[in-house]
Amino acid sequence: MGKLNGKVAIVTGGSRGIGAASARALADEGADVAISYSSSADRAKAVVADLEAKGVRAAAFRADQADAAQAAGLIHSVKEHFGRLDILVNNAGVSAPALIDSEDVDESSIDHQFAVNYTGPVAAIRTAFPILPEGGRIVSISSGVATRTGFSGMADYAASKSALEGYSRGAARDLAHRGITVNVVQVGFTDTEMNPADSAAAPMFLSTTAIGRYARPEEIAAGVVFLASPEASYVTGTVLNIDGGYRA
Ligand code: NAP
């Protein structure tokens, strides 16, 4: 018997990386799981097949988190498909490192990072909270750079994740009386397509950590499952760092 039997979760950006690992980990605890994606339909389909093989119900929905209407529509689609929603994991994110004094600063890239990393999650939270029952869970994936940038080129991305963290703290206050918790996982360097462990920048990244290696997506997913679980009933408005000691 899994600790999430009977629950329904949505993981945005579940077609690969940390989102796919989180979807699998939630399914391992018995949750039915919806995932969203923006372009990787085939990969989302493969993740759904993995989830169904674990004996849970699963579905994939295309929804661009940069578009608040689609981010909100996704929540309604999940409720319609599964009949309920218990756990929202705001995972979809984009990072476009750029030095602010570079001559070719791309304003549209700044806007896009804010749209995916902040506006979309906020639209999802605002649409989900009236649907979530007592015991509902909202978990958003942030980054260690929201607290400590550590290296150059992260101003826009860090600001978008800091905004998400601030909103999450406020939402935790506002939704506690409904029995809904709202928390953040601050992720460190994790081996995904966004940040491959064999990139040229990896040694510099690792020099900022205590543990000195990349995380596996499953190590992040374990924190998501904890915050989504009944055991985390007294945890709200907080940040769980899973960053290999980046802040140590
Ligand atoms: P990833 O491998 O690049 O995967 C990103 C996921 O987000 C994919 O499923 C992608 O869908 C989806 N996505 C991207 N843009 C989207 C959009 N506009 N609408 C809907 N879905 C969208 O990234 P990851 O490393 O797993 O990152 C997951 C989260 O962790 C992000 O919030 C990221 O900021 C955060 N994070 C990652 C690291 C790291 O080192 N990897 C560190 C700190 C924080 P498609 O497949 O359809 O494109």
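Which residue forms a salt bridge with Glu219? In this predicted model, where local features need pLDDT of at least 70, side-chain atom pairs count only at pLDDT 80 or more, and totals for chains, interfaces and linings use all residues, the partner is Arg216. Residues are numbered from 1 along each chain as its sequence is written, and side-chain values use heavy atoms, with hydrogens and water left out.

The closest N and O atoms of Glu219 and Arg216 are 3.6 Å apart. A salt bridge is defined here as a side-chain nitrogen of Lys or Arg within 4 Å of a carboxyl oxygen of Asp or Glu. Side chains of opposite charge can pair when their charged atoms come close. Glu219 is partly exposed, with a relative accessible area of 24%, and Arg216 is also classed as partly exposed, at 48%. In these terms, buried means under 20% relative accessible area, exposed means over 50%, and partly exposed lies in between (1.4 Å probe, protein chains only).

A search of the whole structure finds eight salt bridges. One of them joins Glu193 to Arg43, with the closest N and O atoms 2.4 Å apart. This pair links distant parts of the chain, 150 residues apart: Glu193 is in the loop between β6 (181-187) and α6 (202-206), and Arg43 is in helix α2 (residues 41-53). Helices (H or I, at least four residues) and strands (E, at least two) are DSSP runs, numbered from the N terminus. Arg43 has a relative accessibility of 36% and counts as partly exposed. In a further salt bridge, the side chains of Asp86 and Arg84 meet at 2.5 Å, N to O. Asp86 is buried, with a relative accessible area of 2%, whereas Arg84 is partly exposed, at 37%.

Returning to Glu219 and Arg216, their salt bridge has an N to O separation of 3.6 Å. Elsewhere, salt bridges that share partners join Arg16, Arg43 and Glu193 into one network.

Charge also gathers on the surface, where Glu103, Asp104, Asp106, Glu107 and Asp111 form a patch of negative charge. Such patches are made of residues with over 30% relative accessible area and no salt bridge; like charges are joined within 9 Å, and nonpolar side chains (Val, Leu, Ile, Met, Phe, Trp, Tyr) within 5 Å. Lys and Arg count as positive and Asp and Glu as negative, while His and the chain ends are not counted. The place of a charge is taken as NZ of Lys, CZ of Arg, CG of Asp or CD of Glu. Accessible areas come from the Shrake-Rupley method with a 1.4 Å probe, and for residues only the protein chains shown count as cover.

The unreviewed UniProt entry places the feature "domain: Ketoreductase" at residues 7-190. UniProt positions follow the numbering used here, feature names are shortened, and annotations may be inferred rather than shown by experiment. The span of residues 7-190 is 45% helix and 18% strand, and its end C-alpha atoms lie 27 Å apart.

Several separations were computed between C-alpha atoms. Gly2, in the segment before β1 (8-11), is buried at 18% relative accessible area. Gly2 and Gly30 are 28 residues apart in sequence and 4.8 Å apart in space. Ala158 lies in helix α5 (residues 155-175) and is buried, at 7%; the C-alpha atoms of Ala158 and Arg148, 10 residues apart along the chain, are separated by 8.6 Å. Ile242, in strand β7 (residues 239-242), is buried with a relative accessible area of 18%, and 7.6 Å separates its C-alpha atom from that of Gly223. Ala197, in the loop between β6 and α6, is partly exposed at 34%.
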